Amino acid sequence: MPDQAITLIIGLGNPGEKYSKTRHNAGFWFIDALANEFGASFKTETRFSGEVAKANVDGNQVWLLKPSTFMNRSGLSAHQISSFYKINVKQVLVAYDELDLPVGTVRLKFSGGHGGHNGLRDLHAQIGKDYARLRFGIGHPGDSKKVADYVLSRPNQNDEIEIQNAIDRALKVVSLIIQGDDQKAMNTLHTN
């Protein structure tokens, strides 16, 4: 059996009820749905500056992480857990909101730049850039001056449904991603 490709899945977002339903928390929405799908429960781990769960995804043990450091400091939490469990950056999958994709789109990508995303910027500084990414499209407000307010606001009902549908599609291929069957996962995700 080949080495498991992914052993840590990180959902990006901001902690607290104030932010829970905002676009910027699409990564949290995904990781919560993943934990729910596979019967994993989060518990606060102060040594990892976040909430952690262990999930059995079709026979593969993976750590799930929701940093509690706020988006701009997500890398601290990622660094703490990956250092403790000796997880290589290439064994990490990060789920997050993507302004540059239409609402309801989900794309799998490997490595690359941070594209101005502050959560990714901090991850790059703390663990490097060679992690896998699940990018959940939230659309763009059309004006760069409106981005901060846009990502920190709740999507309208139709957009929220579209993002949830994208999360459902991603859940169907997460086992393939974990096992390293990236091409099949991408083919399935990107043709929907």
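**Exercise 1. Is Glu-45 buried or exposed in this predicted model, and which residues does Glu-45 meet in salt bridges?**

Step 1. Start with the accessible area of Glu-45, which is 14% in relative terms. Buried means under 20%, so Glu-45 counts as buried.

Step 2. Now look for its partners. The side chain of Lys-43 meets Glu-45 in a salt bridge, at 3.8 Å from N to O. Arg-47 also forms a salt bridge with Glu-45, and here the closest N and O atoms are 3.3 Å apart.

Step 3. Check how open the partners are. Lys-43 has a relative accessible area of 52% and is exposed, while Arg-47, at 42%, is partly exposed.

Result: buried Glu-45 forms salt bridges with Lys-43 and with Arg-47.

**Exercise 2. How many salt bridges does the structure hold, and how far apart are the closest N and O atoms of Arg-154 and Glu-160?**

Step 1. The total for the structure is seven salt bridges.

Step 2. In the one between Arg-154 and Glu-160, the closest N and O atoms are 2.9 Å apart.

Step 3. Compare the two ends. Arg-154 is partly exposed at 47% relative accessibility, and Glu-160 is buried at 19%.

Step 4. Elsewhere, shared partners matter: Asp-32, Glu-51 and Lys-66 are joined into one network by their salt bridges.

**Exercise 3. Find Asp-58 and Phe-70 in the chain and describe the phi angle of each.**

Step 1. Keep the background in mind: most residues other than glycine have a negative phi.

Step 2. Asp-58 is not a glycine, yet its phi is positive, at about 50 degrees. Its place is the loop between β3 (50–57) and β4 (60–67), and with a relative accessible area of 52% Asp-58 is exposed.

Step 3. Phe-70 also has a positive phi, near 75 degrees. You will find Phe-70 in the loop between β4 and α2 (74–84); its relative accessible area of 39% makes Phe-70 partly exposed.

**Exercise 4. Classify the ring pairs Phe-48 with Phe-84 and Trp-63 with Tyr-85, then say which parts of the chain each pair links.**

Step 1. The structure holds six aromatic pairs. In the pair of Phe-48 and Phe-84, the ring centres are 5.4 Å apart and the planes stand at 65 degrees, so the pair is edge-to-face.

Step 2. This pair links distant parts of the chain, 36 residues apart: Phe-48 belongs to the loop between β2 (43–45) and β3, and Phe-84 to helix α2. Phe-48 is buried at 2% relative accessibility, whereas Phe-84 is partly exposed at 44%.

Step 3. Trp-63 and Tyr-85 are stacked, with 4.5 Å from centre to centre and 20 degrees between the planes. They too link distant parts of the chain, with Trp-63 in strand β4 and Tyr-85 in the loop between α2 and β5 (92–98), 22 residues apart.

Step 4. Trp-63 counts as buried at 18% relative accessibility, and Tyr-85 as partly exposed at 28%.

**Exercise 5. Over which rings do the charged ends of Arg-47 and Arg-23 sit?**

Step 1. Return to Arg-47, the salt-bridge partner of Glu-45. Its charged end sits over the ring of Phe-84, 4.5 Å from the ring centre.

Step 2. For Arg-23, the ring is that of Tyr-150, and the charged end is 3.8 Å from the centre.

Key. Residues are numbered from 1 along each chain as its sequence is written. This is a predicted model: local features need pLDDT of at least 70, side-chain atom pairs count only at pLDDT 80 or more; totals for chains, interfaces and linings use all residues. Side-chain values use heavy atoms; hydrogens and water are left out. A salt bridge is a side-chain nitrogen of Lys or Arg within 4 Å of a carboxyl oxygen of Asp or Glu. Buried means under 20% relative accessible area, exposed over 50%, partly exposed in between (1.4 Å probe, protein chains only). Helices (H or I, at least four residues) and strands (E, at least two) are DSSP runs, numbered from the N terminus. Rings of Phe, Tyr and Trp (its six-membered ring) pair if their centres lie within 6.5 Å; planes under 30 degrees apart count as stacked, over 60 as edge-to-face and the rest as tilted. A charge sits over a ring if NZ of Lys or CZ of Arg is within 6 Å of the ring centre and within 35 degrees of the ring normal.
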